[in-house]
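Me: I am new to this structure and would like to go through it in questions and answers. Please show it to me before we start.

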Amino acid sequence: MNVLVWATTFGADLWSFTRYLDQRDDCDVRVILDEPATFEREGVAQLFPLEHTPLIKRRPWHQLVGLPGFRPDITVMDNRVPLRAPSRAGLMLWHGFGWRGPNAADTDFAWLHRSIRQAFGDARAPNPRFRWQCFGPWDFEHRTEVSGFAPANCRQIGAVSHDDLRVPLDRSLAQPFYPFDVVNRKTVLIAPTWHYGEVFAHWGRDADLFDRLLGHLHRRETNVILRLHDSFRFEKPYRRFLDDLARRYPNVLLKFKDQHPDNFLDLQVADVLVTNFSSIANLFYATLRPTVHVYPVASADEAFMDRQYTVFGVREKEVDSARFIWKLPPEDNGGLLAHGFDEMMQQIDRGLDEPTCCRETAQDFLDRHMLGADGKNAGRAWAAMQEVAASAKAVRR
């Protein structure tokens, strides 16, 4: 089978599935992505190299003609669709489970349905050429009833990256890729979503609260990986503030997604994750280590400014209530939930001191929402891919 991976971000499920395909002898795989050289500098690319799969820099003509000289049976995507389908069949491995939504068919997912319809045919009706990955039964219900995908087009696969995250990594292998000791010292991964603006704006000023947090962790001799979204999504003054934090605290490593696209090693070396409900939490749950969730707004029933990234740049829009943009309530999570800064600090300390404190909560979330992270997700994705490729070929005949 010839497989074209059309990557917006080559990481998480898309990387894990590509790695699975790369190890098979019945697949010929190509990956198209924006900056192959940036990914190849990442630790994960050096520790787990793809032996048979070329990484190809995306060019404008790929949107219309695919990859000249390579005829894929299927295109695997993570959230964006080529303008013209490079293959008869398509499989969407969505880029995260997450809490944000509602991902309704006629509103925030309208653009996605249009692009899928243009390339592979209508996903709102049974379609032999297209399949959509669901993370579990709850996600299947949401995608079919809210996001508008026909049940016949959806398959419960789980998160393929859970297969890899379930396997502990010898941290000495990751050590060359970090400026501090990740073997003998504990590490906190702070990975916020960017949609709410400043991470702690509803509790105070980031300038003050980050100082308190990082100073406390420095005194505890704890490493901090501060992983943020693309650098261009932040205004220059805030970027300067973040750069200053990294300069002042030797225990802090600052990463932006566009400069350091892979998070696999960060998830493997982290002892505690702190996030305001980025979908990275759903991946970290597979390690069963503690996750501290920052309640992202002052109140779910108060208006706040929500940030969106569009082709014209960052756009802020007032939302009457956070409940309108949550598909899953923050209370439904796999770790600890902090409604205040001091509570968050206490929970981080607890996570560092009690590494098994969230084990049962994390597994419960995985069991209910993500097929238990049972190590079989890549196999399910492979079965779904074979199925849709065969059905698309049959329709063509």
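Reply: What follows is a set of questions and answers on this model, which is predicted.

Me: How are helices H9 and H13 oriented to each other, roughly parallel or roughly antiparallel?

Reply: Two packed helices are described by the angle between their axes and the distance between the axes. H9 covers residues 206-219 and H13 covers residues 341-353, and their axes lie 12 Å apart at an angle of about 20°. Angles under 35 degrees count as roughly parallel. The two helices, H9 and H13, are therefore roughly parallel.

Me: What is the hand of the crossing of H9 and H13, and which residues of H9 make the contact?

Reply: The crossing of H9 and H13 is right-handed. On the H13 side the contact is made by Phe-341, Asp-342, Met-344, Met-345, Ile-348, Asp-349 and Leu-352. On the H9 side it is made by Leu-209, Arg-212, Leu-213, His-216 and Leu-217.

Me: How many nonpolar residues does the contact of H9 with H13 have?

Reply: Sorted by class, the contact of H9 with H13 includes three charged residues and one polar residue. Its nonpolar residues number eight.

Me: Which residues touch the most other members of the largest nonpolar core?

Reply: In soluble globular proteins, nonpolar side chains tend to be buried together. The largest nonpolar core here has 71 residues. Those in touch with the most other members are Phe-10, Phe-17, Tyr-178 and Met-385.

Me: What is Phe-10 in contact with, leaving aside its neighbours within four places in sequence?

Reply: Phe-10 is among the residues of the largest nonpolar core that touch the most other members. With neighbours within four places in sequence left aside, Phe-10 is in contact with Val-5, Trp-15, Thr-18, Val-31, Leu-33, Phe-39, Leu-50 and Leu-55.

Me: Is Val-160 buried or exposed?

Reply: Val-160 sits in the loop between strand S7 (154-156) and helix H7 (161-165). Leaving aside neighbours within four places in sequence, its contacts are Asp-13, Ser-16, Phe-17, Asn-377, Ala-378 and Ala-381. Buried means under 20% relative accessible area. With a relative accessible area of 1%, Val-160 is buried.

Me: Where is Pro-192, and what is its relative accessible area?

Reply: Pro-192 lies in the loop between strand S8 (187-190) and H9. Not counting residues up to four places away in sequence, Pro-192 touches Val-199, Arg-227, Leu-228, Thr-275, Asn-276 and Ser-278. Pro-192 is buried, and its relative accessible area is 8%.

Me: Which residues is Ser-278 in contact with, leaving aside its neighbours within four places in sequence?

Reply: Ser-278 is found in the loop between strand S11 (272-275) and H12. Ser-278 is buried, at a relative accessible area of 16%. Neighbours within four places in sequence left aside, Ser-278 is in contact with Trp-99, Ala-191, Thr-193 and Pro-192.

Me: How far apart in space are Trp-99 and Leu-328, C-alpha to C-alpha?

Reply: Trp-99 is in the loop between S5 and H5. At 2% relative accessibility, Trp-99 counts as buried. Trp-99 and Leu-328 are 229 residues apart in sequence, while the C-alpha to C-alpha distance in space is 4.9 Å.

Me: Which residues are joined by a cis peptide bond?

Reply: Most residues other than glycine have a negative phi, and most peptide bonds are trans. Pro-102, in the loop between strand S5 (89-92) and helix H5 (110-120), takes part in a cis bond with omega of about 0°. The cis bond joins Gly-101 and Pro-102.

Me: What is the phi of Asn-103, and what is that of Leu-288?

Reply: Asn-103 is found in the loop between S5 and H5, and Leu-288 in the loop between helix H12 (280-284) and strand S12 (291-294). Asn-103 is buried at 11% relative accessible area, and Leu-288 counts as buried at 12%. Neither is a glycine, yet phi is positive: about 55° for Asn-103 and about 65° for Leu-288.

Me: Which strands do the buried residues of H5 pack against?

Reply: The buried residues in H5 are Ala-110, Leu-112, His-113, Ser-115, Ile-116, Ala-119 and Phe-120. Just after H5, Gly-121 has a positive phi of about 105°. The buried residues of H5 pack against strand S4 (74-77), S5 and strand S6 (130-134).

Key: Residues are numbered from 1 along each chain as its sequence is written. This is a predicted model: local features need pLDDT of at least 70, side-chain atom pairs count only at pLDDT 80 or more; totals for chains, interfaces and linings use all residues. Side-chain values use heavy atoms; hydrogens and water are left out. Axes are lines fitted to C-alpha atoms, for helices over the stretch in contact, and angles run from 0 to 180 degrees between N-to-C directions. Helices (H or I, at least four residues) and strands (E, at least two) are DSSP runs, numbered from the N terminus. Angles under 35 degrees count as roughly parallel, over 145 as roughly antiparallel, 65 to 115 as roughly perpendicular and the rest as oblique. A crossing is left-handed if the near helix is turned anticlockwise from the far one by less than a right angle, and right-handed if clockwise. Contact means heavy atoms within 4.5 Å. Ala, Val, Leu, Ile, Met, Phe, Trp, Tyr, Cys and Pro count as nonpolar, Asp, Glu, Lys and Arg as charged, and the others, Gly among them, as polar. A nonpolar core is a set of buried Ala, Val, Leu, Ile, Met, Phe, Trp, Tyr and Cys residues joined through side-chain atoms within 4.5 Å. Buried means under 20% relative accessible area, exposed over 50%, partly exposed in between (1.4 Å probe, protein chains only).
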